[in-house]
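Colleague: I would like to learn how to read the features of a model like this one. Could we go through them in turn?

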Amino acid sequence: MKTKLNKIALASLVALGTMLPINSQAQVGVEVIIGMPGIAILNYHEVVEVDIPAAALTALIGGTAAGDAMAFEEGQANATAAENAGELEADFAINVTEPTNIDFTNIPLLLQNVWSVRGINNGDMEVVAGAGDQQTLTNGAASIVTSNPEVPQAAFAAPGMNPNNAVSGDVRLALDLSNATAVGNYDGGGQSTYTLTVNLL
């Protein structure tokens, strides 16, 4: 009887074994589709401070070096002396003229590499500069007026997300120095002088 039961158990195991997969596997391929948005990432300097050395400003103005200033020859002048209260006076009536190569109300200032952009887009990208909240920078009663902010770089192909491929660029401003009568820093009281906008074209 015992042998018969063993044979039945063995037959059951063999039958069960024929129903179970041995080293079987199922393999399928799955396609993944990822939708990416058009995006731009702008890095910029929140505060830009430009120090203008006397040498740079005098080189821009031109003329002949005279210590810390520039001298402009106005040519030969003649005058006839007259007596006034026991003193001889000879009035040469100098006429102050600006250098012919510079207009102190419109001096261009190029701020180089003040922004960088990266991102993805099917078309090009561009950076545009506009006027901010405060174009008049003050130093007490003295002032410098900024105007015409612009980005000189043309539109460019989207460089991708890698920071190493970011496109850097400049901003050009026009400065009116006609009322810059004090030494020191001129600022806009914490308000923006220019704005930057990134457009996906």
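Colleague: How many of the residues of the protein, in percent, count as buried?

Modeller: This is a predicted model, so every value here is computed from predicted coordinates. Of the 201 residues, 20% count as buried. Buried means a relative accessible area under 20%, and exposed means over 50%.

Colleague: What does the secondary structure of the protein come to?

Modeller: There are two helices and 12 strands. Along the sequence the pattern reads α-β-α-β-β-β-β-β-β-β-β-β-β-β.

Colleague: Which residues touch the most other members of the largest nonpolar core?

Modeller: A nonpolar core is a set of buried nonpolar residues joined through side-chain atoms within 4.5 Å. The largest one here has 23 residues, and Trp115, Val127, Val151, Val171, Tyr194 and Leu196 touch the most other members. At least two residues of this core come from each of S6, strand S7 (124-131), strand S9 (142-150), strand S11 (167-176) and strand S12 (194-200). The most comes from S6, which gives six residues.

Colleague: Now the surface. Which residues form a nonpolar patch there?

Modeller: A patch takes residues with over 30% relative accessible area, and nonpolar side chains are joined within 5 Å. Val28, Val30, Val32, Ile34 and Met36 form such a patch, and together they have about 630 Å² of accessible area. Val28 sits in the loop between H1 and S1.

Colleague: Why does Val28 count as exposed?

Modeller: Val28 counts as exposed because its relative accessible area is 73%.

Colleague: Which residues gather in a patch of negative charge?

Modeller: Glu83, Glu87, Glu89 and Asp91 gather in that patch on the surface. Glu83 belongs to strand S4, residues 82-84. Glu83 is exposed because its relative accessible area is 54%.

Colleague: What is the phi of Ala93, and where does Ala93 lie?

Modeller: Ala93 is not a glycine, yet its phi is positive, about 45°. Ala93 is placed in the loop between strand S5 (87-89) and strand S6 (107-120). With 58% relative accessibility, Ala93 counts as exposed.

Colleague: And what is the phi of Asn113?

Modeller: Asn113 is not a glycine either, and its phi is positive at about 55°. Asn113 lies in strand S6. Its relative accessible area is 52%, so Asn113 is exposed.

Colleague: Last, distances. How far apart are Pro37 and Asn121 in sequence and in space?

Modeller: Separation along the chain and separation in space are to be read side by side. Pro37 and Asn121 are 84 residues apart in sequence and 7.8 Å apart in space, C-alpha to C-alpha. Pro37 is found in the loop between helix H1 (2-19) and strand S1 (39-44). At 49% relative accessibility, Pro37 counts as partly exposed, because exposed requires over 50%.

Colleague: How far apart are Asn148 and Pro108?

Modeller: Asn148 and Pro108 are 40 residues apart in sequence, and 9.6 Å separates them in space, C-alpha to C-alpha. Asn148 is placed in strand S9. Asn148 counts as exposed because its relative accessibility is 58%.

Note on methods:
Residues are numbered from 1 along each chain as its sequence is written. This is a predicted model: local features need pLDDT of at least 70, side-chain atom pairs count only at pLDDT 80 or more; totals for chains, interfaces and linings use all residues. Side-chain values use heavy atoms; hydrogens and water are left out. Patches are made of residues with over 30% relative accessible area and no salt bridge: like charges are joined within 9 Å, nonpolar side chains (Val, Leu, Ile, Met, Phe, Trp, Tyr) within 5 Å. Accessible areas come from the Shrake-Rupley method with a 1.4 Å probe; for residues, only the protein chains shown count as cover. A salt bridge is a side-chain nitrogen of Lys or Arg within 4 Å of a carboxyl oxygen of Asp or Glu. Lys and Arg count as positive and Asp and Glu as negative; His and the chain ends are not counted. The place of a charge is taken as NZ of Lys, CZ of Arg, CG of Asp or CD of Glu. Helices (H or I, at least four residues) and strands (E, at least two) are DSSP runs, numbered from the N terminus. Buried means under 20% relative accessible area, exposed over 50%, partly exposed in between (1.4 Å probe, protein chains only).
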